[in-house]
Amino acid sequence: MDYKDLGLKAGIEIHQQLDTAEKLFCRCPTVLRDVADRTGEFYRYLRATESELGEIDRAAEEEMKLVRKFCYYTYDTVCLVDHDEEPPTPMNPEALDICLTIAKMLGMTPVEQIHTMRKLVVDGSNTSGFQRTALVALSGTLPDGCRIETICLEEEAAQRVEGETFSLDRLGIPLVEITTAPCMRTPEAVQEVAAYIGMVLRSTGRVKRGLGTIRQDINVSIAGGARVEIKGVQELDLIAEVVRREVDRQTSLLAIRDALRDRGARVDRTVVDVTALFAGTKSAVLKKAKSILAIRLCGFAGLVGREIQPGRRLGSEMSDYAKKCGVGGIFHTDELPAYGVTAEEVARLREFVGAGDDDCVAIVAASRERAGCAAEQVMIRADMALAGVPEETRKMLEEGSSAYMRPLPGAARMYPETDVFPIALSGALWEGIRVPELLTDRAERFVREFGLDGALARQVAFSERLPLFERAVAAGVRPTLAARTLLATCRELARGGVAIDRVSEDDILALLSAVEAGRAAKEAIPDLLAELARTADESAGTPRERVDAAIAKMAPAVSQADVESIVRRIVAEREAFAREKGMGALGPLMGVVMQELRGSVDGKVVSETLRRELKRLLS
Amino acid sequence: MRYANGGTALTGIYIAERDGMAVIKLDSGYNIGASPEKLERVGRAAPQPPAGAGIVIQDPALPELSIISTGGTIASRIDYRTGAVTSQFSANDILRSIPELGDIARYRDRQVASILSENMRPAIWQALARAIYDEIRHGTSGVIVTHGTDTMASSAAAVRFMLRTPVPVVFVGSQRSADRPSSDNAMNTLCSAAVAAGDLGEVAVVMHATTNDDRCAVHRATRVRKMHTSRRDAFQSMGMAPLGSVDYPSLAVTLSDEAVRRGAEEPGLHDTLEERCALLQFYPGMPPGILDAFEGYAGLVIVGTGLGHVATDWIPKLRDRIEGGTTVVMTSQCLHGRVCDRVYNTGRDLLRAGVIEGEDMLPEVALVKLMWVLGNEPDPERAGVLMQTDLAGEIRRRSI
């Protein structure tokens, strides 16, 4: 597909949680909790309010089609600010410092005075009904020349547990939102920009790591299509696929529009009550509904069921709109008979609403009120199909397709946060922000200074173990040993079922120092780490004491005399083999000796001793 | 406005100037602060559409309630001058923003003040009592008073002493500003309307009972206190259970046996207040010379320690004040429990000096009661007796 010809324009919004000690507008720690540890629950209703200019945001209004009751889980690490029972504290200066650092790394210009805003979000994910957010800096550039429009500092929302229930531990964790201009022209370019920005963020060493701590929203449009924002893409590797599928979707919707126009399609404004038609139906959904309403979509036949991206049809889009009224979805004649609806029922339905062969009939089944609301939504979405691609906020589904979420929010959702004073950003403050070394630069430096190979250097630089690596090197540990232990050894142990996460950084550092001091052989590292992991809970004392205890147990020091006697015994036991292979026996016998010594002795020492003993035997 | 700063050039709408910085709203909706000299005017913003045109449908079959607004958080929105919230809503605005009110009653509205409740004064209490009395005389089925929460309890108590009412008079406010989707204003107002249309026959405060949006409590005006700076359930009945509750969203009202019922009282207004009264919180080491500041005062409520004490060295000065014509009433910092100056020597000395035990009255309630008693009873001895008599549910006969 030629994306340039299609006029693809894409931009990206990256949300990254910051690793601060406290939340953005309260003094709670930024820790995530297990819902089983909750200390209580409470519930609230939300209602959309007007902006200061007297408008109600269309996205908020849509969310309020249903009066919804939201339940919140609370913890002993959550406070009244998170409960929306206390005004916020001033903005966390640590978070602002990190945000300014990132802004400076991206070559942005800070605003002169930060104003905290309330961004209306009434889907329940914020107890207050808004998310606090502040525009901190503007106009940065990326290496490929793409422009970064803004960086904002905002509060994380509460995490949805299920349905309308949210967990308050995540609410209020600081995050930065970086928005690029729509300057990317291919799906791959979007992924590359996301990867680059992610690298910049991690270069600060002050952002959270792990699943869910970084999320991308992607803006996509094609010529003749519309701007669509796809929220919540968590895996970097899926970004290009999400863009490709959205381009497919918009292209297909435009093709459907053209087909509809050719056929002179229209939406019949009369909603027909067809409840009686399905009196004896076998369909479980229809049987339990109080009211079944039908909408005749003239000239839509075959198009409602046409696939627009993997697993999605125009009918899926209509269904998403209808769901806003609290119904489970819709049926349409492009997919019927199915779901317990018989061919005969379909024929009766078509006849009753006067549908011709070219027409599609959609039905909604629910309470009278909800069905009416849903029928109207179906008509609204059908009208949009006649116009082409609607501007929307969508949520990503598994594998990269997306579903409708709400209209694109407008500026009307922004309202000043009256409880937080503006913050002036002085020139001196900005000048004082230190820009950290980029991880890519750091990897190159590791190659240059430490002689690490390129791949390992990059792995170390991008690893969460980077700070520990740097501490180890500063403490005199050889960079290669530190890198191999922290990356390869730890990963292999973890794969082998060792709870390596339980070994503290200080213990690892003490272990590496013991190896460098000759108190343990580097071959013993895996066993020693496993022992440290096993005893992580019980062992007291300093890291050095713990490491020495592990050495005493797993790899007691062996004297040179002991080594020689063991080597002599093993060579004697395998004399025939040694005589047959000559010096070629060195390798196989080395393995036997090392196993016996369980890594207590440096391999180099063993190999020299063995070589001497073999030479003696063969001479 | 066009804004140029470093590598940035943007346009936005100028909103206000504050502390030497211009507040600019960008197209994205974000506000930023900018130096005025970096701004250049490029055009005029399109005039804003008139704010919301929705109206409440008034069903003639429903009873008519009066909404009297005085201001407060329940009616607040942003003030671009200070950036903080102020009270700029009328009762009509409240109706527009909470359309479900139309299912409960018809409404007439009236504005007595538009102030934050820390600016409340006895003169406004009087104006409020008169306005309510007026509404009752016009045949209203019930009165809702919207009020800032800081001093709402005092206003409710003051109105309770000045007014005899056959219909519910319900004070309501909100702890979380009306401009947030999570505001408690809608639920509190709906619950207050349910109470005002119901069977109550006294002055009450109706506010969230818990942090949940599940029910409101109905508190007696003379036994209620704001006990938290910010929580929704800040208002608590002190020394007694609430008079009742309102379930949300069903709006079913339950009243206890103790709640005075509709029609139990004839309407009446006695709106004289003696404003030369004060409330004084004692602290350890407080110099007795402070009392000189209250020379010429008709009444003084002291918030003493524990059972109702001040330091022994206060007694001579107190005796002078009382002999000089000041009625002195003792209440307690404990808020819970009854004053008893008969247990310790200091207390007995206070009684001998002429201090009146304020029973289990809340200090603020004792103050407004003293204003009302001294405004209506010129004889100090009889006034003293009235201060120890339960006039409006302010004194509990038994402590439980």
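Start by selecting Ile14(A): across from it, in β12(A), stands Gln216(A). This is a predicted model, where local features need pLDDT of at least 70, side-chain atom pairs count only at pLDDT 80 or more, and totals for chains, interfaces and linings use all residues. Residues are numbered from 1 along each chain as its sequence is written, with chains lettered from A and ligands numbered from 1 in the order in which they are written.

Now colour the whole of β1 (residues 9–17) of chain A; 8 bridges tie it to β12(A), and the two run antiparallel. Strands here are DSSP E runs of at least two residues, helices are H or I runs of at least four, and both are numbered from the N terminus. Strands pair if DSSP finds at least two bridges between them.

Go back to Gln216(A) and pick its bridge partner in β13(A), Val233(A). That strand, residues 228–233, pairs with β12(A) in the antiparallel sense over 4 bridges. Follow the 6 residues between the two strands of this hairpin and stop at Gly224(A), which has a positive phi near 80°. How many of the 8 residues in β12 (residues 214–221) of chain A are buried? The count is 7, so you're looking at a mostly covered strand (buried means 20 or more other C-beta atoms within 10 Å of a residue's own, exposed 12 or fewer, partly exposed in between, with C-beta atoms placed from the backbone).

Next stop: Ala521(A), in the loop between α15 (505–516) and α16 (525–534) of chain A. Ala521(A) counts as buried because it has 24 C-beta neighbours inside 10 Å.

The axes of α15(A) and α16(A) come within 11 Å and cross at roughly 150° (axes are lines fitted to C-alpha atoms, for helices over the stretch in contact, and angles run from 0 to 180 degrees between N-to-C directions). That makes the α15(A) and α16(A) pair roughly antiparallel (angles over 145 degrees; under 35 is roughly parallel, 65 to 115 roughly perpendicular, the rest oblique). For the contact, select Asp507(A), Leu511(A) and Val515(A) on α15(A), then Ile525(A), Leu528(A), Leu529(A) and Leu532(A) on α16(A) (contact means C-beta atoms, placed from the backbone, within 7 Å).

Finally, hop to chain B. Its open, mixed sheet has 8 strands, in the order β9-β6-β10-β12-β13-β14-β17-β18. Inside that sheet, β12 (residues 169–172) and β13 (residues 203–208) of chain B pair in the parallel sense over 3 bridges. End on Val170(B), whose bridge partner in β13(B) is Ala204(B).

How values were computed
Two residues are in contact if their C-beta atoms, placed from the backbone, lie within 7 Å.
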